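Student: Please take a close look at a single part of this model, starting from its contacts and then widening the view.

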Amino acid sequence: MDKLAFYRQCIQELLTQYSKSTPINGEIEVQTIFDTENDHYQIVDLGWDKHRRIYNCVMHLDIKDGKIWIQRNQTDKLLANELLAMGVPKKDIVFGLQPIYARECTGFGVA
């Protein structure tokens with residue numbers, strides 16, 4: 001399996017696993033969104049909690065220039081560590097949610 005296919009598989013497995021946890025309040029649907037053509041991957045909560053509209057991107061990962069970018073993570077899960085455990089090299093994981101100047105301090109990839 002080539003690197004891009006492997007990274008797509010890792011991300012989809014990870015997000016599918018997390019999407020099985022449903023929010024406890026309201027009638028909220030958990031959607032996995034896999035744009036495999038442009039390599040954007042998300043988990044989105046949407047629905048209603050009584051009279052309050054819920055629309056929240058819980059996780060967002062991209063594949064850009066051969067690296068996995070963690071763009072958003074609103075959970076207490078350590079996505080980078082889980083990607084490492086799946087076999088993704090540290091240098092290929094970028095914390096896009098960190099400012100550019102801080103990425104090199106993470107010990108992970110920079111872009």
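**A loop aspartate and its surroundings**

Tutor: Once its neighbours within four places in sequence are set aside, Asp 39 has contacts (heavy atoms within 4.5 Å) with Leu 4, Arg 8, Leu 61, Asp 62 and Ile 63. The model is a predicted one, in which local features need pLDDT of at least 70 and side-chain atom pairs count only at pLDDT 80 or more, while totals for chains, interfaces and linings use all residues. Residues are numbered from 1 along each chain as its sequence is written, and side-chain values use heavy atoms, with hydrogens and water left out.

Asp 39 itself sits in the loop that joins strand S1 (27-35) to strand S2, where strands are DSSP runs of E with at least two residues, numbered from the N terminus. Because its relative accessibility is 8%, Asp 39 counts as buried; by the convention used here, buried means under 20% relative accessible area, exposed over 50% and partly exposed in between, with a 1.4 Å probe and protein chains only.

Turning to the cysteines, Cys 10 has a relative accessibility of 3% and therefore also counts as buried, whereas Cys 105, at 67%, counts as exposed. Searching the whole structure for disulfides (pairs of cysteine sulfur atoms within 2.5 Å) gives zero. Cys 10 accordingly takes part in none, and the cysteine sulfur nearest to it, that of Cys 57, is 20 Å away.

How values were computed
Helices (H or I, at least four residues) and strands (E, at least two) are DSSP runs, numbered from the N terminus.
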